[in-house]
Amino acid sequence: MALKTNYKFSFFGDDENIFVENYSYDLAADEKKRGGQFFITIEIRNNLSNAKAIGEKIFDAMRRYFSLNLNEESYKRFKNSLKEVNKVLDKLNDEKNFPHTDDLSVLIGFIADEDLYLTQMGDTTAYLARNDSIEVISQGLSEKRSDTFTNVAKGKVKAGDFVIFSSIPLFQYISRVDLAKVLDVSTLTDSLSELNELISTKIS
């Protein structure tokens, strides 16, 4: 059964030395065969002159591979698309347009039917809220100081689940209990507003 995905983006903070961007792409809009959606959250520090171009190159590499390989099984499709992204990152590194490893954080997720695929590098973190439980689902995916994507996690999502992609580890600022309290999938916009307000207060 294919799930309907409702999503919103939220930005907070005003650090002038940080680039943060979210990308999403609905494959079903372009394809009649294998649909799904992928999402990218990226944060780059101290390299603002190239940050936007790096984000767009990562997004374009994912979108191009998915659009050209319609018949691949979802896991293989996601894994192979990451190889194309790694080629982009390697080229940027060779051209000296790549940020220091500690300054790059990226989280990529792909939802196909009831399957969620994840990969990650840096400080980006993914959370799954189901009922009253909050779990970190991106832990251990990236190698220390790696500037390529190496590991993929796969799990199931259900109707009513709340998946959060964050460029920062949220539990550094709020508790697991506080996060669970503000999340309500039926009022997504309100939940993000409350989360924004809660984290902004903690950071202040």
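The model on screen is a predicted one. With both residues selected, display the side chains. Arg 63 and Asp 60 form a salt bridge, and their closest N and O atoms are 2.8 Å apart. Now colour by accessibility. Arg 63 is partly exposed, because its relative accessibility is 31%. Asp 60 is partly exposed as well, at 28%.

**Other salt bridges**

How many salt bridges does a search of the whole structure find? The search gives 5. Two further ones are worth a stop.

Select Asp 115 and Lys 156 next. These residues form a salt bridge whose closest N and O atoms are 2.7 Å apart. Is Asp 115 buried or exposed? Asp 115 counts as buried, because its relative accessibility is 13% and the cut-off for buried is under 20%.

Then move to Arg 130 and Asp 161. Their side chains meet in a salt bridge, at 2.7 Å from N to O. This pair also links distant parts of the chain, with Arg 130 in strand β5 (residues 125-130) and Asp 161 in the loop between β7 and β8 (162-166), 31 residues apart. Check the accessibility of each partner. Arg 130 has 26% relative accessibility and so counts as partly exposed. Asp 161 has 13% and so counts as buried.

**Aromatic pairs around Tyr 117**

Select Tyr 75 and Tyr 117: the two rings form a tilted pair, 6.2 Å centre to centre, with 45° between the planes. Tyr 75 lies in helix α2 (residues 74-94) and Tyr 117 in strand β4, so this pair ties together parts that are 42 residues apart in sequence. Tyr 75 is partly exposed, with a relative accessible area of 33%. Tyr 117, at 1% relative accessibility, counts as buried.

Phe 78 and Tyr 117 form a tilted aromatic pair, 6.1 Å centre to centre and 35° between the planes. Phe 78 is in helix α2 and Tyr 117 in strand β4, so the pair joins parts that are 39 residues apart in sequence. Both Phe 78 and Tyr 117 are buried.

**Last stop: the negative patch**

Switch to a surface view and select Asp 184, Asp 190, Glu 194 and Glu 197. These residues gather in a patch of negative charge on the surface. To place Glu 197, show the cartoon again: Glu 197 is in helix α4, residues 188-203. Why does Glu 197 count as exposed? Its relative accessibility is 57%, and exposed means over 50%.

Note on methods. Residues are numbered from 1 along each chain as its sequence is written. This is a predicted model: local features need pLDDT of at least 70, side-chain atom pairs count only at pLDDT 80 or more; totals for chains, interfaces and linings use all residues. Side-chain values use heavy atoms; hydrogens and water are left out. Patches are made of residues with over 30% relative accessible area and no salt bridge: like charges are joined within 9 Å, nonpolar side chains (Val, Leu, Ile, Met, Phe, Trp, Tyr) within 5 Å. Accessible areas come from the Shrake-Rupley method with a 1.4 Å probe; for residues, only the protein chains shown count as cover. A salt bridge is a side-chain nitrogen of Lys or Arg within 4 Å of a carboxyl oxygen of Asp or Glu. Lys and Arg count as positive and Asp and Glu as negative; His and the chain ends are not counted. The place of a charge is taken as NZ of Lys, CZ of Arg, CG of Asp or CD of Glu. Helices (H or I, at least four residues) and strands (E, at least two) are DSSP runs, numbered from the N terminus. Buried means under 20% relative accessible area, exposed over 50%, partly exposed in between (1.4 Å probe, protein chains only). Rings of Phe, Tyr and Trp (its six-membered ring) pair if their centres lie within 6.5 Å; planes under 30 degrees apart count as stacked, over 60 as edge-to-face and the rest as tilted.
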